[in-house]
Amino acid sequence: MPKRPKAQAVQPEPAPQSSSEEEQDEQPLGEELDLSSEEEFADDEGASEEGEEEEQSEDDDEAAAEDGADEDIRQAIAEYYEAASEQQRPADATGNGVPAETSGREHESSGRPLDPGSDSSEDERPSRNTIGDVPLVWYKDEDHIGYDGQGAKIGKSQRGDKLEQLLARNDSSKALRTIYDAYNDEDIVLSKEELRMIMRIRKGQFPHVEVNPYEPYLDYFSGDVDPTPIINAPEPKRRFIPSKHEEAKIVKLVRAIRKGWIKTGKAKRAQQQQPQVYLLWGDDDQADSAKTGSHLTYIPPAKPKLPGHEESYNPPKEYVPTEEEKAGWELLPPEERPGYVPQAFECLRHVPLYANFIKERFERCLDLYLCPRVRKKRMFIDPKTLVPKLPKPQDLQPFPQTLALRFSGHTSRVRCIAPHPSGQWLASGSDDGTVRLWEVATGRCSAKWTLGEPIMSVGWCPNAALQLLGAAVGKRLVLLLSGLGGEEVEAAARAACKVPAAAAAGGEQQQQQLARWESRPDGGLELHTQHPVRQITWHARGDYFASVAPTGATQAVLVHQLSRHSTQNPFRKNRGRVQRVAFHPLKPFFFVATQNAVRIYNLAKQALAKKLLGGSGVISAMAVHPSGDHVIVGSEDKRLAWYDLDLSTSPYKALRYHSYAVRGAAFHSTYPLFASSSDDGTAHVFHGRVYADLMTNPLIVPVKILRGHKVVDSAGVLDCAFHPTQPWLFTAGADGDVLLFCN
């Protein structure tokens, strides 16, 4: 139903009707308004008399050209406007000649007020039917459609069938502008102004004629420039740039309010108004808990339906069942009968007591008297049962237990050790600038190399045909001839370490930013880099070896090929400071440990395969299991983490047995053993068995703590390594000794 336009806030006083308007009202109404033309709606906007006469003449010409079939339509329109003109003329005091249903209606164009009882708009007159939001289908079998404001029934009007309605619509002059309101059961006749609004809406225009979409622009600010401003200083930057300090404060306050750390005034008042109640029939440990036993937030059940009219003590008559309905309900099974039967009483004094009150009260008391008391069982837990059941260390032998040999000879702290693949020899590097070769069986020093700078790392080449020993010394990588294996092995090692002059000259310009290869006078090989090297590690085949320079930025990790005497940088950018690197023993994977994470790269695909998340401390040691599926990482936060690469990127087990930073970690090549060394002067030995079944987790059991080194300048055991074939452990200490622990 279209709405009547609202009265404007400021409206001019109605002017007396001009003679031209009176003449226009007296003209035939069939010519006054053409519903299909736009000019008909311009009479309220002050159209000129000449334009109106021209339009009327054009309409007369067109009407004359119409055939006889349109005479009935024009006659109906003429009758409609004849009735409309009678409504516009002022009525006498007795209201003679004005229909009852339109006596109070006046057009806004005439300046007279509208009838407040007009039923043409639901905003100007409230509905007389007060049943609310109730479907009328409920009243289809009743003789009324609702109730008015006084509570009286609104009866249904007698409406004919479709044929009678069609005939009545053809006979009535108001049928084209009549709408039936089923809610109030009455016909609503649209006024001329409402028809204008409908036509304007259908044409995409504003419903109200007085609305001007192109209002003139009002310049609220003056365009004059003052000769002298009040303040000539430039605007400070803080006025148009948000303060980061205030933003951080606001973020902290909002977070505290959301977490409940800061109570606002509303929350404080709600907490003070909350009554002190106690949970009588529940457990004490659940009284103050807002969560259920499954640690899920408690969700309240759905609220029951509110009582309606049928549950009133004096409901309407249509809600009260008849005797026939009650008899029918008695024949139904008990489970299908309605739970409540509405009854009507004249007043509340006549409402009887609840029939089952005494019975239900007695049953409740009987339940409380006869019900068994719930006994809360207190759990007595033996602390020994909380300790996981692990096998005894005696059942996990062999593993290193006792100190067997002490290798003495270095004058400063021993930073690194490397057992020979055969297990007969042991190499060690110290801060005194020497590399020593020890015989494991006797503890005798068979060779010594003086390199002039502290030795940071040593490593044996896995190729048994070369017997080379690599050492990281300052900014150099030195490959030494160990002299083991006979003359043929030594000749092959010299040939491998000899750098051709043409290759050195040709590759010097290409590799001047990475490494420079030079032959040593004693037959070895030296690689000069631009940054101090901290670690050297070999590939399982013995042709490639990698070096780590933590301060090298983009050149922190370099991979060198011995056969071609070439150096390459596998990473353009390192994500963090690199601490350790290692080759996978079986697959083309490369492990790079930064300060907070371990990244595993696939060398065949040249892509990142996995990232292992570290702890809070800086990574200081790393070792790869012989199978390649497990990694142990030691950090400066006194933690040794075991990673299962097939399980997760987070540590499978975190071992916290050391009291100071972890400096070394190692796996045994054949036995299920691994060890860690720390600055607390101890080395811990663990039994770590890995099962072939992927559904079984590794078994990790600490078996022995080895002591024998002295702590010097807050430095204890700096490195550890297992014997290749025996369950023995070598440790390098800051006291300048190398110890061998046997089973």
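At 63% relative accessibility, S714 counts as exposed, because that value lies over the 50% cut-off. The structure is a predicted model. S714 also has a positive phi of about 60° although it is not a glycine, and this residue sits in the loop between β30 and β31. The points below cover backbone geometry and then the nonpolar cores.

**Backbone geometry**

- Most residues other than glycine have a negative phi, and most peptide bonds are trans.
- D713 is another non-glycine residue with a positive phi, near 55°.
- D713 is placed in the loop that runs between β30 (699-707) and β31 (717-722).
- D713 counts as exposed because its relative accessibility is 67%, where exposed means over 50%.
- The peptide bond between Q397 and P398 is cis, with omega about 10°.
- P398 lies in the loop between α11 (383-386) and β5 (402-408).

**Nonpolar cores**

- The largest nonpolar core has 19 residues, of which L468, L477, W517, L525, F545 and L562 touch the most other members.
- Two or more residues of this core come from each of β11 (468-473), β12 (476-481), α12 (487-497), β14 (525-529) and β15 (535-538).
- Apart from its neighbours within four places in sequence, L468 contacts G459, W460, C461, L480, L481, A493, C497 and L562.
- A second, separate core comprises 18 residues, including A427, L437, V458 and L469.
- In soluble globular proteins, nonpolar side chains tend to be buried together.

Conventions: Residues are numbered from 1 along each chain as its sequence is written. This is a predicted model: local features need pLDDT of at least 70, side-chain atom pairs count only at pLDDT 80 or more; totals for chains, interfaces and linings use all residues. Side-chain values use heavy atoms; hydrogens and water are left out. Helices (H or I, at least four residues) and strands (E, at least two) are DSSP runs, numbered from the N terminus. Buried means under 20% relative accessible area, exposed over 50%, partly exposed in between (1.4 Å probe, protein chains only). A nonpolar core is a set of buried Ala, Val, Leu, Ile, Met, Phe, Trp, Tyr and Cys residues joined through side-chain atoms within 4.5 Å. Contact means heavy atoms within 4.5 Å.
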